[in-house]
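Visitor: Please take a close look at the pairing of oppositely charged side chains here, and then relate it to the rest of the fold.

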Amino acid sequence: MKRTANGGFKSNYNRFAKFRGNAKARPMAGTSGMNQRDSDDEKEREYADVFTADVEMGCPYNAWKLYFPDKKFSQSVKISVKTQAVMNHFKRFKHWYDMDKVLTTYSLDLKVENFVEDEDFENEWPEWYEDLTNDPYDSFSLIGLALHTLLFEELKQKLINYQLKKMFIRPVGWRPLTDIIDIFNTKNTLVSTVGVVKKVEPIKIVYRFMSYKCKLCSAELFVRQNPLIKTLTRPSKCIAGCRAKGNFNPLISSQFTIVAPTQTVLVQEICYETDERNRSLEVQLNEEQVDTVYVGSEIVLTGVLKYRADKTSKHDGNSYVPFVETFSVFNQTGPGAAIYQSVEKKKMPDIVPILKGDPNLFKILIDSLCPIVYGREEAKAALLLALFSGFNLIKARRSNSHILLLGNPGTAKSTLMIAAASAAPRGMLVSGVIATQAGMTASVSTMGTIEAGALILSDNGVCCIDEIDKMKNIYGILLEPMEQQTVSLTKCGAVSTMPARCSIIAAANPVDNVYDENKPMIHNVNFLPQLISRFDLIVPFVDNMDVTHNDLPYFMDTRDKSMNVECEFFKNSEESQSSHWLTKAHDGNIQTIPLAALKSYIEFTQQNFHPKLSPEACQLIRDFFVEYTDIIRGNEQVNAQGPARTIESVVRLTLARARAEMLKVATVEHAHEIIELFKYTQIDIYEREAVVKDLNVKANANLNDSVNFGVIKRIKKPENVSALSKPKQMKAFIDFISNKSEEEDRNEFTRTELKAFGAEIGLKDFEDILYRLNNDGIILKTVDGYRFVSI
């Protein structure tokens, strides 16, 4: 016995047992036999993860151990039969697959429909769909083994000495698509879903298997590695027949050494309703799938739900995090879109043949967008044009249109935006009161994890921003994505540019919450011209107090009809006549379609129709551009777009107007309607009454090259001088009275008239200014009133 440091004694039996390799250490006194059995179980599990690379006698597949390391060929007759069936399929339809790409990437994009179309394969492996669903790992492994064996035989015939690595199978077009909430109820089942990438973590390198060579018998062993352990696991003993322990050299270049990059992303389900909860799912990408998606990408993934220990949990061993280990990931907005869309055949919505060719098509769409709001046809038309924009409507330039709804509180701006977000195939609604720059664009953690904001998540969709005038750092958030359609990120060492190709629909209240028609628009909204000019249309919401008794029954009837499931549009209306899309039907005879049908119709037209401008429409837009430029030149008080952005806005809206009717060419009638709508929104330039009167003219009127735009009289609104100093107010008052004197050809005014003139331009102290002008001899007091003396 040997005395230990603490005064106890230690038996030499354990040292003797350690010296003998085939003997097990006897448990010391006071230990439990249960602990010894647990230790034996751990060793058995450790040995179970060590495999030999030697192929079994009689096995025709030289890569059997690469795909089935824990299975013996002699005991896997069914796997051999299924592998031969897959090989026969590849031989019959070799022209369906790009074998050169397989040798480069070691992965095969396998279209599931190829198995369906092969009748011989169905006979050889009739239960292939059930096996792929319930046992995906073994099923895809045997498909990879068949592909590996076939390519090895071809290279061998060509006398090419080429060491093939493990082949990975990427299923394409797996159905049915499963919602993210339903994936959590699956177990060891192949599932497929669609979502938007919300967060992307940095790439990590993980050892799946590590190969070792025994120094004594030169046998090759490979060990399955645990990704949660930072160090490599080495074999404790040689299982090939010798008694070597610890005498192993790593083989980095072996085909059994599998080093795979991995990346974790967070996928959020696509929100189809504004009040729907956005559920998220953690997804693990492997091999060549890493770095193929970015935040905001709409992806289709196929994989198996698994669980891993939660490192952040305080309860060790009792908390697990679900994640999906993917077999295939296809980015619908990236390079993988062509592969996925080749098997994804979009079915034409049932509403398309019903709407096609209807002369009132655009008016039906306007009435169908938020029917609970009476009127506001101009605003609804602008919102629809924004929904139909995008999707490469204009090449090499911005394709999405931006709309600003400007008006007093309580004018249904938020209600219309909610309806627009619900009708968009991909819409998001945020509030500018609580929105931050990171929440709108993107955020980066200290570990390099990028998380997307609302603008990136709305890529190829619509982002509705309510109360945009209350948003902080609005210019740093919106200037780039509204024009360049991107979001640049330079934080924590991460420099990247992410797409944000979305239409922005915003709502704002005017200054002091009251829209003053006597002020220019630039004084009604507290935005810089750089932001205002990026909006294609700024729709003013002015309270119309001229409500008649004929409007009220229709208003109440519309609210009641909007709650019905059956819509008026699906009823036979042979007696209905063609009318302009802004005509109000006071008799209650409106035609609408359901919201789901409107959404599917918008998605179908965006993907299948890319109209072009006709020569006549181009000429009409040129004429309007020249006149518009002449009108706004030199007027600093007019809040107008720049000439270049104006013509681009009109072109985008005209093409969206043609797409709404499923046309390939935008006609001159479409351009004329957009010009009318554009003039209606520019209240600082055109006479409101003249434009409204011109809007009621049918769009199919006889148009020629020299069109009279109807305008068009300039509004000469006086400048509000309430914020100026008193000397400047006096000068502005003198100029105003001088203009009145010239227009009316008189210089005698009463005190009441002068006071009204002062209120019109916003004089603060009328009595004091009139007293000073009288002392200066500019406005002299007479018996009947005041006389203006020209300077």
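**A buried charged pair and its surroundings**

Guide: Lys82 is buried, and Asp131 is buried as well, where buried means under 20% relative accessible area, exposed means over 50%, and partly exposed lies in between (1.4 Å probe, protein chains only). The model is a predicted one, in which local features need pLDDT of at least 70 and side-chain atom pairs count only at pLDDT 80 or more, while totals for chains, interfaces and linings use all residues. Residues are numbered from 1 along each chain as its sequence is written, and side-chain values use heavy atoms, with hydrogens and water left out.

Lys82 and Asp131 form a salt bridge, and their closest N and O atoms are 2.9 Å apart (the term requires a side-chain nitrogen of Lys or Arg within 4 Å of a carboxyl oxygen of Asp or Glu). Because Lys82 belongs to helix H4 (residues 77-92) and Asp131 to helix H8 (residues 128-134), the pair ties together parts that are 49 residues apart in sequence. Helices (H or I, at least four residues) and strands (E, at least two) are DSSP runs numbered from the N terminus; the protein has 29 helices and 27 strands. Buried residues account for 48% of its 791 residues, and a search of the whole structure finds 32 salt bridges.

A second salt bridge brings together the side chains of Glu269 and Arg279, at 3.2 Å from N to O. Glu269 and Arg279 are ten residues apart, and each is placed in the loop between strand E10 (258-268) and strand E11 (280-286). Glu269 counts as buried at 8% relative accessibility, whereas Arg279, at 29%, counts as partly exposed.

Elsewhere, salt bridges that share partners join Arg397, Arg398, Glu483, Asp536, Arg645, Glu648 and Arg652 into one network.

Turning from side chains to strands, one finds five of them in an open sheet, with parallel pairing and the order E15-E18-E21-E14-E22; two strands pair if DSSP finds at least two bridges between them. Strand E15 (427-431) and strand E22 (537-541) stand at the edges with a single partner strand each, so one side of each is left without a neighbour in the sheet. Within the sheet, strand E18 (residues 462-466) pairs with strand E21 (residues 503-508) in the parallel sense over four bridges, and Cys464 stands opposite Ile505 in E21.

Another strand, E7 (residues 204-214), includes Ile205, a residue that is exposed, with a relative accessible area of 58%.
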